[in-house]
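Okay, thanks for coming, everyone.

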Amino acid sequence: MERGERGRQEVVVRFDRVSLSYGRRRVLEGASFTVEGGKVVAIIGPSGAGKSSILKLIMGLIRPTAGRIEVFGVEPYLANHDGSLRGRIGLVFQEGALFDSLTVYENVEFYLRYVERVPPAQRRRRVMEVLEKLGIEEAAGQMPNELSGGMKKRVALARTLIFEPELLLYDEPTTGLDPLTTEVVDQLIVETNRRLGLTSIVVTHSLDTVMEVADEVLMLSGGKINQVGSPEKLLTSEDPRVKAFTAGLRRLIAAGQKGSPAEGVDDQHRH
Ligand SMILES: Nc1ncnc2c1ncn2[C@@H]1O[C@H](COP(=O)(O)OP(=O)(O)O)[C@@H](O)[C@H]1O
Ligand SMILES: [Mg+2]
């Protein structure tokens, strides 16, 4: 399949009864789920449940102990070795991991220049294009330590988008950010997905982020995935593990607002 040929509803990621162990530590046990093209899917679950491991499996950095994984129709661990998924998957780290001694422009340019050795004119065009897409072209000459948290996240995202991935993976993009920056980053995730026609998977601890960005929620616990559905379904689910996750939010809503929990979350969704 060629780039850009995929339809909206196509399955981009498929886990079929996937198990994963690190030595004797069992992390996944028969986890199954699918992610459709064009969606923003949130993966939630307790710390240590295996969320980052799922992203590593999708990128083909590790291979499952049992079961089958397909990303764009191919097995990612094998594809990682024969190069057939090259450039199609982008990872946005929790910490932007910017080079402090390089400008924004140089940070975004880095891999094109030193790893891919793209010629200067072409490089300049691609860097400026991605900076403009994210609305940070004015900051091109600034140093990372002159930037706000939200701007740093944009630069980190630019460094990933320069490769024009079709599937974007975010590992806890808003952990440790203040509420305002969290909102900026949440909007950025949604905007990027819509404008560039990507598929996005967002691992997060933040229920705010889930409500703001997700078309669909996957809950990981006990080594299995519960494909919950829309974020609103989180609040009506009878699954005790889902209930435990949302209990904190339910209490907040009950304390602060009148009306049903679903309405409360809708209000929050729109603000
Ligand atoms: N390379 C590794 N070797 C051994 N154990 C690991 C490794 N990576 C992760 N783990 C363990 O696997 C479990 C799941 O890790 P991880 O996928 O990072 O969870 P999460 O992202 O949900 O917090 C944790 O108990 C972690 O300590
Ligand atoms: Mg993690």
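Predicted model: local features only at pLDDT ≥ 70, side-chain atom pairs only at ≥ 80, totals over all residues.

A quick overview, then. The chain's secondary structure comes to 10 helices and nine strands. It exposes about 13,400 Å², and carbon and sulfur atoms supply 50% of that. If you take the contacts between residues at least 6 apart in sequence, 64% of them join residues at least 24 apart.

Now the ligand. Which residues are around ligand 1? We have Y22, R25 and V27, and then the run P46, S47, G48, A49, G50, K51, S52 and S53. Sorted by class, that shell has four nonpolar, five polar and two charged residues.

For the polar atoms, I'd start with the backbone. A polar backbone atom of K51 is 2.8 Å from an oxygen atom of ligand 1, and one of A49 is 3.2 Å from an oxygen atom of the ligand. On the side-chain end, S53 has a polar atom 2.6 Å from a ligand oxygen. As for area, ligand 1 taken alone exposes 570 Å², and the protein buries 61% of that. Two elements give two or more residues to the shell, β2 (25-36) and α1 (51-59). Of the elements, α1 gives the most, with three residues.

Moving on to helix α4, residues 120-133. How far does this helix reach from its first C-alpha to its last? The answer is 20 Å for 14 residues, close to the 20 Å expected at 1.5 Å a residue. Its buried residues are R123, R126, V127, M128, V130 and L131, so by the under-20% cut-off two arginines are on that list. What do the buried residues of α4 pack against? They pack against α3 (104-114) and α5 (149-161). After α4 comes G135, with a positive phi near 65°.

That brings me to backbone angles. Most residues other than glycine have a negative phi. F72 has a phi near 50°, and you'll find F72 in the loop between β4 (66-71) and α2 (76-82). The other one is E164, with a positive phi of about 50°, in the loop between α5 and β6 (167-171).

Are these two buried or exposed? F72 has a relative accessible area of 8%, so F72 counts as buried. E164 has 40%, so E164 counts as partly exposed.

Last stop, T181, which lies in helix α6 (residues 179-196). Why does T181 count as buried? Because its relative accessible area is 10%, and the cut-off is under 20%. The side chain of T181 makes a polar contact of 2.7 Å with the side chain of D178. Leaving out residues up to four places away in sequence, T181 touches G149 and G150.

Okay, that's my tour; over to you for questions.

Definitions and conventions. Residues numbered from 1 in each chain as written. Chains lettered and ligands numbered in written order. Heavy atoms only, no water. Near = heavy atom within 4 Å. Polar contact = N/O pair within 3.5 Å; in protein donor to acceptor, adjacent residues only side chain to side chain. Areas by Shrake-Rupley, 256 points an atom, 1.4 Å probe, with all protein chains shown as cover. Helix = DSSP H or I, 4+ residues; strand = E, 2+ residues; numbered from the N terminus. Nonpolar A, V, L, I, M, F, W, Y, C, P; charged D, E, K, R; others polar. Expected span 1.5 Å × (residues − 1). Buried < 20%, exposed > 50% of the residue type's maximum accessible area, 1.4 Å probe, protein only. Contact = heavy atoms within 4.5 Å.
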